[in-house]
Amino acid sequence: MRILLIAGSFNSLTQRVHTALRDEDHSVAVHLVHGDEPLREAVRATDPDLIVAPMLTSVVPEDIWSTRTVLIVHPGPKGDRGPSSLDWAIHEGAADWGVTVLQAAAEMDAGDIWASVPFRVAPCSKSELYRGEVSDAAVRAVLLAVERFASGTFVPEPLDYTAPDVRGRLRPPLRQDVRRIDWEHDDTATVLRKLRAADSRPGVLDELYGEAYFLHGGHPEDELRGAPGTVLATRDGAICRATSDGAVWIPQLRPRRVPGGPVTVKLSAARVLGERLAGVPEVGVDPVAAADRETWSEIRYRELGRAGFLEFSFAGGAMCTGRCRRLLAAYRAACARPTSVLVLGPRRDFFSNGIHLGVIETAAHPGDESWENINAMDDLVHAVLSTTDRLTVAALPGNAAAGGLMLALAADEVWCRDGAVLNPHYRLMGLYGSEYWTYTLPRRVGTAEAERLTSRPLPVSAQHAADLGLIDRVLPGGQAEFRAEVELRAAALAGAAELPERVTLKRSGREREEAERPLDAYRLDELARMKQNFFGDGEPYPVLRREFVHGVRPGSTPGHLTAWLPAGA
């Protein structure tokens, strides 16, 4: 079937639906909606059998939905309506929620229902929930709706608020006056719900040191205590703030935009506050200690038998210079442990998206910061590639892109959750790429396929990546099921009788390849290209980076996605 995806941006859910439909042998095109007339032209040009909107905040023109079937993906259960569905679910502490696929109609979110899939609400931020449980349910609902449409016999269900399974309702936008935190009286659980319901947009508007900021992210703290509202400590850029009965960690802040002023950027809280934090102590936590505590830490380390697990979780999957160096130090410490298998990856959500464009864009000298950041990423990847005394596994519960994916490919084995979406390219940011991709990618998929993957900026599903040889294993299930399966498989691998022989073969293979062409040669060639991208006249990277960070391009698709792309292309 020819399916046109229309969306406000080519975001994680749009990419997930895009890859899922292609895996089901549908021809897919994508149009980003920025005006009614271009949308009409896209529909005329593609003449699709079906239109699906995975993420759309604007109204579909009547002349389109009245003449064609347009399916809207809404992140709420049957009957739920309004623009703040997930916000309300988390804000009110809902245990269960759902995703509904409904037909576009005159009234927003009130069309006939083609499919509805429930899910459990995990205790996490809105953005993390969206990329995890919501995305999983949305794909199941879309595929079911598409199957029903293709049958030609299914009759969608009109919205009926008297039906026993319709438990949603029309809700207003969740405004800042409702989101506001009362630090004197709100307990930690309430504060966490408010913070998590606002992440990553719009954030919770609040005041710190006499200035207005939007707070982004919320994590509990099990030890630090103080007067409610007080900033108690910092840790790796985050701040810890006291509640009425405990404390929470807030990793990121965004200054409130001054009327007529430039768009503000979400950055680490400590960087935004700067000198205002003079006198506030930095309270670090060791990755090993963090694994057994309910506190915020970007890096944790634990062991299960002879399998070590180095867990890292960076907001937005972005790895600035400091994060790369901290992770490298933790990796070296993990390699000093008496384990035979080392697993790298977060417990859920993003694996990594590579260098931190926000930190780079707001640096005094973005080119220099780009250079520092890419070299820090390269140092980390080199450490993984150079590990020859044990097997390494990259475990991807969620998406990975660009240098972040190349970090995963440095491991001996790559295990992906079936809901992960991979973007093995750098081109949409105008970069050649580094992280030893010219070594790792052809080694896995061959030179011709490596060129295709990096020159055509398309998302790749986990299953398609496995078919290509890009990854080694696809594991089904949700976030928790994936992590449990990773632990079982890693422990089994660490105890396997053939493991010593595998490690010996790995070491000899690395020595042979190093003699043929040293890793440093790959790095030098890649960095020569990247240096030109960072500092050369007329390079697109600075403009593309600026537009991305400041939301000038809320989403971008490669031009060829507006034409039909058959499955497997």
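A residue counts as buried when its relative accessible area is under 20%, as exposed when that area is over 50%, and as partly exposed in between (1.4 Å probe, protein chains only). Helices (H or I, at least four residues) and strands (E, at least two) are DSSP runs, numbered from the N terminus.

This is a predicted model, where local features need pLDDT of at least 70 and side-chain atom pairs count only at pLDDT 80 or more, while totals for chains, interfaces and linings use all residues. Residues are numbered from 1 along each chain as its sequence is written, and side-chain values use heavy atoms, with hydrogens and water left out.

**Stop 1: helix α7.** Select residues 188-197. Eight of these ten residues are buried, so helix α7 is largely enclosed by the rest of the structure. Among the buried ones are T188, K194 and R196.

Stop 2: Which residue of β2 is the bridge partner of I6? Look for H31. From β1 the chain crosses through α1 to β2, a right-handed β-α-β crossover (clockwise from the first strand over the helix to the second, with the strands pointing away from the viewer).

**Stop 3: A137.** Go to helix α5, residues 126-151, and select A137. Is A137 buried or exposed? A137 is buried, with a relative accessible area of 0%. Leaving out residues up to four places away in sequence, A137 touches V99, V117, P118 and F119 (contact means heavy atoms within 4.5 Å). W97 is 40 residues from A137 in sequence, and their C-alpha atoms are 9.9 Å apart.

**Stop 4: the second largest pocket.** Select R16, A20, V139, D418 and G419, which lie nearest the centre of this pocket among its 19 lining residues. On a 1 Å grid over the protein atoms alone, a pocket is an open set of points with protein on both sides within 12 Å along at least five of seven lines, a cavity is a set where a 1.4 Å probe fits but cannot get out, and lining residues have an atom within 4 Å of a point. Helices α1 (12-23), α5 and α16 (462-468) each supply at least two residues of the lining.

Methods
Pairing = 2+ DSSP bridges.
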